[in-house]
Amino acid sequence: MTRTELIDRLTQSFPQLVARDAEDAVKGILGAMTDTLSRGGRIEIRGFGSFSLNYRPPRMGRNPKSGETVHVAGKYVPHFKSGKELRERVDVVPMVVSPRRRAA
């Protein structure tokens with residue numbers, strides 16, 4: 001689901017909600033989540049999951065084109081851990097292969 005699809009679904013579910021208001025709400029929520037993670041915080045949405053940061057230490061990598069060894073700096077990356085309720089609901093759904101993910 002894309003951001004636009006989420007906004008469309010909100011406006012369909014709540015007819016009293018104007019599309020612009022739904023868009024502002026989605027942008028506000030995602031912006032607050034981004035700000036929290038960028039400050040090193042953790043986000044927990046009960047029944048859905050939690051977002052946190054994982055640290056990847058510096059390492060030596062390899063340039064695939066030239067084979068040259070390069071230093072890769074340490075960095076923080078976002079990490080999502082699904083909640084129990086989400087895992088249980090997803091486990092019941094039959095697997096549908098998306099046209100974008102089909103093997104050639």
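Colleague: What percentage of the residues of the protein count as buried?

Modeller: The model is a predicted one. A residue counts as buried under 20% relative accessible area. In this protein of 104 residues, 12% are buried by that criterion. The exposed surface comes to about 9,000 Å², with 54% of it supplied by carbon and sulfur atoms.

Colleague: How many helices and strands does the protein have, and in what order do the elements run?

Modeller: There are three helices and five strands. Starting at the N terminus, the order is α-α-β-β-β-β-β-α.

Colleague: Which strands form the open sheet, and is the pairing parallel or antiparallel?

Modeller: In general, the strands of a sheet pair through backbone hydrogen bonds, in either a parallel or an antiparallel manner. Here three strands form an open sheet, ordered β1-β2-β5, with antiparallel pairing. Because β1 and β5 (75-82) each have a single partner strand, they stand at the edges, and one side of each lacks a neighbour in the sheet. From one strand to the next, the twist averages 30°.

Colleague: How many bridges join β1 to β2?

Modeller: Three bridges join these antiparallel strands. Across the pair, Ile45 stands opposite Gly49 in β2.

Colleague: Which residues make the nonpolar surface patch?

Modeller: Ile45, Phe48 and Phe80 make this patch of about 240 Å². Phe48 lies in the loop between β1 (43-45) and β2 (49-56).

Notes
Residues are numbered from 1 along each chain as its sequence is written. This is a predicted model: local features need pLDDT of at least 70, side-chain atom pairs count only at pLDDT 80 or more; totals for chains, interfaces and linings use all residues. Side-chain values use heavy atoms; hydrogens and water are left out. Helices (H or I, at least four residues) and strands (E, at least two) are DSSP runs, numbered from the N terminus. Buried means under 20% relative accessible area, exposed over 50%, partly exposed in between (1.4 Å probe, protein chains only). Accessible areas come from the Shrake-Rupley method with a 1.4 Å probe; for residues, only the protein chains shown count as cover. Patches are made of residues with over 30% relative accessible area and no salt bridge: like charges are joined within 9 Å, nonpolar side chains (Val, Leu, Ile, Met, Phe, Trp, Tyr) within 5 Å. A salt bridge is a side-chain nitrogen of Lys or Arg within 4 Å of a carboxyl oxygen of Asp or Glu. Two strands pair if DSSP finds at least two bridges between them. Axes are lines fitted to C-alpha atoms, for helices over the stretch in contact, and angles run from 0 to 180 degrees between N-to-C directions.
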